[in-house]
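Here is a short briefing for a reader new to this structure. Please look it over before going on to the notes below.

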Amino acid sequence: MSATPTPSFETLQGLWRQDLSSAQAQASAQLRHAVLPALVQRRLEPGPASIAFSLFSIALLGAYCVQQWGAWRYLLPGAALLLWCVLMLAAALRTRARLAGLDYARPVLALQRDLAEVRAQRLRQLRWGFVTGQVLWVVPFCVVLLRGLTGAPVLEGAVLDFALKGLAWTAAAIPLQWLAWRALRRVWHGHNRLSRWGDALAGDDLAEIQRLLDRLQ
Amino acid sequence: MNPDTEFTDLLARHAGVLHQIARAYAWTAEDRADLLQEMRLQLWRAYPRWQRALPFSTWMYRVALNAAIGQLRSATAARRDVHATDLLGDDEPPDVASDEDDDRLRTLWTLMQRLPELDRALMLMALDGQDAAAIGSALGLSVSNVGTRLQRLKTRLAEAYRQESA
């Protein structure tokens, strides 16, 4: 070891800080590989409550469809709701499977891109879920509920007329909503509020993990 | 923020300190990896009891140093002879400007290893710029005791550097 003059404690602190920053860089990389996957899995694995609720809904609607087999007027809304529930559950499981399959050994930017794609996928699912859901979860749901609970011929005469008109109005409102959404996006282009909405809709957990990844970068 | 993410975020911000503690209390790369895991585990377990009045870094030092000293005491081969190069770690070179700084840092790590457990902890925190109150809070010492010990350590450090350069 070469002869060196006695350094002051402040000099040693400075050296220590340099050493600490290199340790920090190493530790961040290690943390990204060791802790982040476990965290993502823990935060994003399908919630048992939501899966149980979806399965319960599917079972109830399935039973309703079997019961109404042949009575097409009543079967159709039930089958549409059943299909909606199955598709939504499948989409949620697909997103979660995609998140679980993320490769954390990839470079940070590539991983960020993967997370952004999952976020976009979630938003797309939510948009389609909302658009189709508003048509299905008002009139058809009421029909299924009343028919399932009472067995009464609810879709007759004026009620049938009212139900069909209600469906038509809801469907007609969709293009208007789409236009309003486009206008809003144009007005708020690049605005934080839009991004915050996106985060809230895609899931705060995903946004939090992206922020954490930013910091680890 | 969700507690899991918040904890990971805080850990990420202070992860370098854990590495330095591991380097000060474990001699081989394998021991260091074990100790790092142990410290993270203890921090995760203790996290729900962290009182926000205490800064995270102070609390983290307290838990991590307890884990490090505990592991060191339970290791039978803890007091094995080591070289400064072992202490600097085999996975990364020191990130310092010159050979002189490099020598100083190596000497510092060697001296650190020779210190008793508590003084080593005190030195780690002092080098990290923690104030006497934070050090005292983490180690269970009074502020005046920290000041006295630190002064003694600085003198010892200066003496050791003089001997090294002689």
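What percentage of the 217 residues of chain A count as buried? The figure is 18%. In chain B, 36% of the 166 residues count as buried. The model is predicted, and its scores are ipTM 0.76 and pTM 0.56.

**Chain make-up**

- Chain A holds 9 helices and 0 strands. Its pattern along the sequence reads α-α-α-α-α-α-α-α-α.
- Chain B holds 8 helices and 0 strands. From the N terminus on, its elements run α-α-α-α-α-α-α-α.
- In chain A, take the contacts with a separation of 6 or more. Residues 24 or more positions apart account for 73% of these contacts.
- In chain B, take the contacts between residues at least 6 apart in sequence. Here 58% join residues at least 24 apart.

**Confidence in chain B**

- The mean pLDDT of chain B is 81. A value of 70 or more is reached by 84% of its residues.
- Helix 6 of chain B has the highest mean pLDDT among the elements of the chain, at 91. Helix 4 of chain B, residues 84–88, has the lowest, at 44.
- Over residues 76–94 of chain B, the pLDDT is below 50. Beyond near neighbours in sequence, this stretch has 24 contacts in the model.
- Where pLDDT is low, predicted coordinates should not be read in detail.

**The largest nonpolar core**

- The largest nonpolar core has 49 residues. Those that touch the most other members are Leu18(B), Ile21(B), Met39(B), Ala64(B), Ala68(B) and Met125(B).
- Met39(B) is in contact with Leu18(B), Ile21(B), Ala64(B), Ala67(B) and Ala68(B), leaving aside its neighbours within four places in sequence.
- Another core, of 10 residues, lies apart from the largest one. Its members include Leu81(A), Cys85(A), Val139(A) and Leu155(A).

**Helix 6 against helix 8 in chain B**

- Helix 6 of chain B spans residues 117–127, and helix 8 of chain B spans residues 143–165. Their axes come within 10 Å and cross at roughly 90°.
- Helix 6 of chain B is therefore roughly perpendicular to helix 8 of chain B.
- Helix 6 of chain B brings Asp119(B), Leu122(B), Met123(B) and Ala126(B) to this contact. They meet Val146(B), Arg149(B), Leu150(B) and Leu153(B) of helix 8 of chain B.
- By class, the contact has 6 nonpolar, no polar and 2 charged residues.

**Helix 7 against helix 8 in chain B**

- The axes of helix 7 of chain B and helix 8 of chain B are 8 Å apart. The two helices pack at an angle of about 105°.
- That angle makes helix 7 of chain B roughly perpendicular to helix 8 of chain B.
- Helix 7 of chain B contributes Ala132(B), Ala133(B), Ile135(B) and Gly136(B). Helix 8 of chain B contributes Val143(B), Val146(B) and Gly147(B).
- The residues of this contact divide into 5 nonpolar, 2 polar and no charged.

- Gln42(B) sits in helix 2 of chain B. Gln42(B) counts as partly exposed because it has 17 C-beta neighbours inside 10 Å.
- Not counting residues up to four places away in sequence, Gln42(B) touches Val63(B) and Ala67(B). Gln42(B) and Val63(B) are 21 residues apart in sequence, yet 6.9 Å apart in space, C-alpha to C-alpha.
- Ala63(A) lies in helix 3 of chain A, residues 48–67. Ala63(A) has 13 C-beta neighbours inside 10 Å, so it counts as partly exposed.
- Ala63(A) and Gly148(A) are 85 residues apart along the chain. Their C-alpha atoms are separated by 9.5 Å.

Technical notes
Residues are numbered from 1 along each chain as its sequence is written. Chains are lettered from A and ligands numbered from 1 in the order in which they are written. This is a predicted model: local features need pLDDT of at least 70, side-chain atom pairs count only at pLDDT 80 or more; totals for chains, interfaces and linings use all residues. Axes are lines fitted to C-alpha atoms, for helices over the stretch in contact, and angles run from 0 to 180 degrees between N-to-C directions. Helices (H or I, at least four residues) and strands (E, at least two) are DSSP runs, numbered from the N terminus. Angles under 35 degrees count as roughly parallel, over 145 as roughly antiparallel, 65 to 115 as roughly perpendicular and the rest as oblique. Two residues are in contact if their C-beta atoms, placed from the backbone, lie within 7 Å. Ala, Val, Leu, Ile, Met, Phe, Trp, Tyr, Cys and Pro count as nonpolar, Asp, Glu, Lys and Arg as charged, and the others, Gly among them, as polar. A nonpolar core is a set of buried Ala, Val, Leu, Ile, Met, Phe, Trp, Tyr and Cys residues joined through C-beta atoms within 7 Å. A residue is buried if 20 or more other C-beta atoms lie within 10 Å of its own, exposed if 12 or fewer, and partly exposed in between; C-beta atoms are placed from the backbone. pLDDT is the predictor's confidence in each residue, from 0 to 100.
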